[in-house]
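Have the sequence and the 3D view open, and try each task before reading its solution.

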Amino acid sequence: MSGSQVRIYTGPIASSARGGRREAEREAVRSLVARAFGPDVELGHDPDGRPYVPTMPGVYVSVAHCSDECLLAVSDIPVGVDIETARPQLERIAAKFLTQSEQAVGPHDIAALMRYWTAKEAVFKCAGIAGLVISEIEVRHESPCRSVATCRPRPHDGDVSDGEYSKISEKFSVAFPLVSPEKVVAVAVKEVVNMLITIQFL
């Protein structure tokens, strides 16, 4: 099992920023990017909207925010990050984002659903697979702070037969660093690896 380092930068989203919520999120991301890479570096976005650093090939980033906090994850391998606060709607839509296997090990309280949701969102961002949906990502919790996730990429028409498609899967490691006691944060990287996670607060 190999290892990889993930740096997480976290800072507040200003509630009184000019331009409303969207501009407040952008400003929070700009502050974190400046903290991570310097004031002259800006993020770009690929055609699917995934962030990257145009001047730093080989550096991978992911961005997440909740109501009052923004995260930037930085790694030398593809990475995804998500943050979640307790939301009652997670209980209402659980059957839509949990796989049958995940539902079978329930019932799940809101804390468990937050772990599933953030893990799947982080894997979704890390995978970058066109056509992938959250319910196609299966999470297996191995400990309170570590999970393994599997997803199946959707092949282009004619690329593989149905039999071959059933064997296709990608694996991810998911960690749950403690950033805030009221929130759940999930970090996903490709393959099953050990992650060294460092957190820097603004």
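Is Cys145 buried, partly exposed or exposed?

**Solution.** Start with the cut-offs: buried means under 20% relative accessible area, exposed means over 50%, and partly exposed lies in between (1.4 Å probe, protein chains only). Cys145 has a relative accessible area of 48%. Cys145 is therefore partly exposed.

Before you go on, note that this is a predicted model, in which local features need pLDDT of at least 70 and side-chain atom pairs count only at pLDDT 80 or more, while totals for chains, interfaces and linings use all residues. Residues are numbered from 1 along each chain as its sequence is written, and side-chain values use heavy atoms, with hydrogens and water left out.

**Exercise 1.** Find out how many disulfides the whole structure has, and look at Cys66.

**Solution.** Step one: a disulfide is a pair of cysteine sulfur atoms within 2.5 Å. Step two: for the sulfur of Cys66, the closest cysteine sulfur belongs to Cys70 and lies 9.0 Å away, which is too far for a bond. Step three: searching the whole structure gives zero disulfides.

**Exercise 2.** Examine the salt bridge between Arg26 and Glu23.

**Solution.** Step one: side chains of opposite charge can pair when their charged atoms come close. A salt bridge is a side-chain nitrogen of Lys or Arg within 4 Å of a carboxyl oxygen of Asp or Glu. Step two: the closest N and O atoms of Arg26 and Glu23 are 3.5 Å apart. Step three: both residues sit in helix 1 (residues 20–37), three residues apart, so about one helical turn separates them. Helices here are DSSP runs of H or I with at least four residues, numbered from the N terminus. Step four: Arg26 is partly exposed at 42%, and Glu23 is partly exposed at 25%. Step five: Glu23, Arg26, Glu27 and Arg30 are linked in a network of salt bridges.

**Exercise 3.** Which residue forms a salt bridge with Glu102, and where do the two partners lie?

**Solution.** Step one: the partner is Lys120, with the closest N and O atoms 2.9 Å apart. Step two: Glu102 lies in helix 4 (residues 100–104) and Lys120 in helix 5 (residues 110–127), so the pair ties together parts that are 18 residues apart in sequence. Step three: Glu102 is buried, at 2% relative accessibility, and Lys120 is buried too, at 0%.

**Exercise 4.** How many salt bridges are found in the whole structure?

**Solution.** The search finds 12 salt bridges.

Notes:
Helices (H or I, at least four residues) and strands (E, at least two) are DSSP runs, numbered from the N terminus.
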